[in-house]
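Please look through the sequence and the structure shown here before reading the briefing. The points that follow are grouped by topic, so that each can be checked against the view.

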Amino acid sequence: MGEMILGHLKEKLQLVIIRPTIITSTYKEPFPGWIEGVRALDAFILAYGKGVLNFFYGNPDSKLDTIPGDLVVNAIFAAILAHENNQCSQQVLIYHISSSSRGPPRNSDIKHFMFHYFTKNPWINKDGKTIKVTKPILFSNISSFRRHISIHYSLLLKMLKFVNLVSFHRFDKTYENMKMKMSKAIRLSELYEPYMFFYESFDDVNTEKLRLTMKEINLDEVLNFDPRCINWEDYFMNTHIPGSVRYLF
């Protein structure tokens with residue numbers, strides 16, 4: 001809607017639109033792993049690492065179209081440089097800053113990365129308790145996801161509620177924790193379903209042309225926004241997840 005308004009109000013001005021996908025922590029600049037605020041992917045990392053959730057709703061083979069924040073910033077600067085003299089004949093130009101057509105990670109990869117990272121580097125909560133994680137479960141259809149919740153949470157929650165009442169609220173904390181875990185699982189599944197079942201690729205032909213333009217003026221290394229340079233396992237294991245733990249947990 002914002003793009004439509006700009007298109008309507010721009011008159012004779014050239015309009016350049018930058019469309020990033022899921023923005024993750026910085027790859028290199030100002031330093032690796034910097035992030036502010038919980039984004040789509042980090043909600044799952046946070047819930048899993050803290051021991052709140054170990055099961056999620058999503059297709060293991062679905063693309064997780066992520067792009068580090070500094071690559072997005074580099075793309076913005078590159079677009080400004082390329083269009084500062086309005087040499088482009090197109091009045092509206094769109095740049096998709098994404099990894100979907102450039103070998104992105106998949107949900108199954110993130111599941112693997114999270115398990116191995118938190119097995120080696122368990123979170124220690126404010127009470128000094130080490131949170132031991134189990135292998136995360138990824139449900140690819142809603143019926144199995146709901147069945148898991150029903151068996152492992154809903155029934156137990158009803159029983160615990162009754163026991164808590166007859167024992168004069170002795171199990172208040174346990175009941176609230178279980179209730180919170182169930183609500184969190186349902187909320188995340190509803191909110192991020194479009195991301196967890198994403199199979200398409202964004203058209204980045206314009207973005208590739210922009211990369212070539214930067215290469216022609218020897219700025220492709222300074223303003224790097226090519227996700228093909230990223231080893232996703234190394235990035236998640238040594239940059240993004242440690243950054244999430246440091247700045248978000």
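Two residues are said to be in contact when they have heavy atoms within 4.5 Å. The model is a predicted one, and the values below are computed from it.

**The whole protein**

- The secondary structure of the protein comes to 9 helices and 6 strands, and its C-alpha atoms fill a box of roughly 75 × 40 × 30 Å when this is taken along the principal axes.
- Among the contacts with a separation of 6 or more, 82% are between residues 24 or more positions apart.

- Helix α2 is mostly covered, with 10 of its 10 residues buried; among them are Leu 41, Asp 42, Phe 44, Ile 45 and Tyr 48.
- After α2 comes Gly 51, whose phi is positive, near 80 degrees.
- Helix α6 runs over residues 172-191, and its 20 residues reach 28 Å from the first C-alpha to the last, which is close to the 28 Å expected at 1.5 Å a residue.
- In α6 the buried residues are Tyr 175, Met 178, Met 182, Ala 185, Leu 188 and Ser 189, and what covers the buried residues of α6 includes α2, β3, α5 and α7.

**A nonpolar patch on the surface**

- Val 73, Ile 76, Phe 77 and Ile 80 form a nonpolar patch on the surface, and together they have about 350 Å² of accessible area.
- Val 73 lies in helix α3, which covers residues 69-83, and at 41% relative accessibility Val 73 counts as partly exposed.

**Loops and backbone angles**

- The peptide bond that leads from Glu 29 to Pro 30 is cis, with omega near -5 degrees, and Pro 30 is found in the loop between β2 and α2.
- Glu 11 has a positive phi, near 55 degrees, although it is a residue other than glycine; Glu 11 sits in the loop between α1 and β1, where it is exposed, with a relative accessible area of 70%.
- Asn 218 is not a glycine either, yet it has a positive phi of about 55 degrees; Asn 218 is found in the loop between α8 and α9, and at 64% relative accessibility it counts as exposed.
- Gly 58 lies in the loop between β3 and β4, and Gly 58 is buried, with a relative accessible area of 0%.
- Leaving aside neighbours within four places in sequence, the contacts of Gly 58 are Asn 107, Leu 138, Phe 139, Ser 140, Met 196 and Phe 197, whereas Trp 34, which is 24 residues from Gly 58 in sequence, is 27 Å from it in space, C-alpha to C-alpha.

**Salt bridges**

- The count for the protein comes to 6 salt bridges.
- Glu 208 forms a salt bridge with Arg 102, in which the closest N and O atoms are 3.6 Å apart; this pair links distant parts of the chain, with Glu 208 in helix α8 and Arg 102 in the loop between β5 and α4, 106 residues apart.
- Both Glu 208 and Arg 102 are buried.
- Glu 208 also forms a salt bridge with Arg 228, the closest N and O atoms being 3.1 Å apart; because Glu 208 lies in helix α8 and Arg 228 in the loop between α8 and α9, the pair ties together parts that are 20 residues apart in sequence.
- Arg 228 is partly exposed, with a relative accessible area of 43%, whereas Asp 226, at 17% relative accessibility, counts as buried.
- The side chains of Asp 226 and Arg 228 meet in a salt bridge at 2.9 Å, N to O, and salt bridges that share partners join Arg 102, Asp 204, Glu 208, Arg 211, Asp 226 and Arg 228 into one network.

How values were computed:
Residues numbered from 1 in each chain as written. Heavy atoms only, no water. Helix = DSSP H or I, 4+ residues; strand = E, 2+ residues; numbered from the N terminus. Expected span 1.5 Å × (residues − 1). Buried < 20%, exposed > 50% of the residue type's maximum accessible area, 1.4 Å probe, protein only. Patch = residues over 30% accessible without salt bridge, like charges linked within 9 Å, V, L, I, M, F, W, Y side chains within 5 Å. Areas by Shrake-Rupley, 256 points an atom, 1.4 Å probe, with all protein chains shown as cover. Salt bridge = Lys/Arg side-chain N within 4 Å of Asp/Glu carboxyl O.
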